[in-house]
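Visitor: I should like to learn how to read the features of a protein model. May we look at one together?

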Amino acid sequence: MAKSLRSKWKRKCRAVKRERYGAKELAKLKKTLGIDENGDVEMSEITEIATVVNANDIKDSAKAKESDNADVEEMEVDSGRVYNKKTLRDQYGNYPVWMNRRKILKHKKGRAKAAKGTTKTNKRLTRRQKKALKEKK
């Protein structure tokens, strides 16, 4: 389908749009940066734009902040909810907020089927079942 006349025409039109919008975007970018179209840009000194700081000074200031924060007691915060990957429920038995009702009901139904298959029945075996078990062994 990529070789049809319609798709070739659409591709051609998109290429024309790309050129036109690219030129407009470049002009807008130059205008926002204050660059003249006919002149080159002169970059100012880096010291005028930003201040250069030594890494050791930053580490020292971080340590000083930590020592100041050590005096202040922090509020206890719960570690958040921990979700089980298999059951998709948290430690309180609740499903996540992003899970919709239909998906929850579907998941519950699936869990019931899985639990039903793993539980043993308390029924007695019939003679045929006993015989089949003996033959398997």
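Visitor: Is Asp90 buried or exposed?

Guide: This is a predicted model. A residue counts as buried when its relative accessible area is under 20%. Asp90 has a relative accessible area of 7%, so Asp90 is buried.

Visitor: With which residue does Asp90 form a salt bridge?

Guide: In general, side chains of opposite charge can pair when their charged atoms come close. Here the partner of Asp90 is Arg81, and the closest N and O atoms are 2.5 Å apart. The count for the model comes to 1 salt bridge.

Visitor: How much of the chain is made up of buried residues?

Guide: Buried residues make up 5% of the 137 residues. The chain exposes about 14700 Å², of which carbon and sulfur atoms supply 54%.

Visitor: Which secondary structure elements does the chain have?

Guide: The chain has 5 helices and 0 strands. Read from the N terminus, the order is α-α-α-α-α. Among contacts with a separation of 6 or more, residues 24 or more positions apart account for 0%.

Visitor: What span should H1 have, at 1.5 Å a residue?

Guide: The 29 residues of H1 should span 42 Å, and the end C-alpha atoms of H1 are 42 Å apart, so the two values agree. After H1 comes Gly34, whose phi is positive, near 80 degrees.

Visitor: What phi does Leu88 have?

Guide: The general idea is that most residues other than glycine have a negative phi. Leu88 is not a glycine, yet its phi is positive, at about 65 degrees. Leu88 lies in the loop between helix H3 (55-70) and helix H4 (101-118). With a relative accessible area of 26%, Leu88 is partly exposed.

Visitor: Which residues make the nonpolar surface patch of about 310 Å²?

Guide: An α-helix has 3.6 residues a turn, so residues three or four places apart point the same way. In this model, the patch is made by Leu26, Leu29 and Leu33. Leu26 lies in helix H1, which covers residues 5-33. Leu26 counts as partly exposed because its relative accessibility is 46%.

Visitor: Which element has the lowest mean pLDDT, and which the highest?

Guide: Where pLDDT is low, the predicted coordinates should not be read in detail. Helix H2 (residues 46-49) has the lowest mean pLDDT among the elements, 66, while H1 has the highest, 92. The chain averages a pLDDT of 82, and 82% of the residues score at least 70.

Conventions:
Residues are numbered from 1 along each chain as its sequence is written. Side-chain values use heavy atoms; hydrogens and water are left out. Patches are made of residues with over 30% relative accessible area and no salt bridge: like charges are joined within 9 Å, nonpolar side chains (Val, Leu, Ile, Met, Phe, Trp, Tyr) within 5 Å. Accessible areas come from the Shrake-Rupley method with a 1.4 Å probe; for residues, only the protein chains shown count as cover. A salt bridge is a side-chain nitrogen of Lys or Arg within 4 Å of a carboxyl oxygen of Asp or Glu. Helices (H or I, at least four residues) and strands (E, at least two) are DSSP runs, numbered from the N terminus. Buried means under 20% relative accessible area, exposed over 50%, partly exposed in between (1.4 Å probe, protein chains only). Contact means heavy atoms within 4.5 Å. pLDDT is the predictor's confidence in each residue, from 0 to 100. The expected span of a helix is 1.5 Å times one less than its number of residues.
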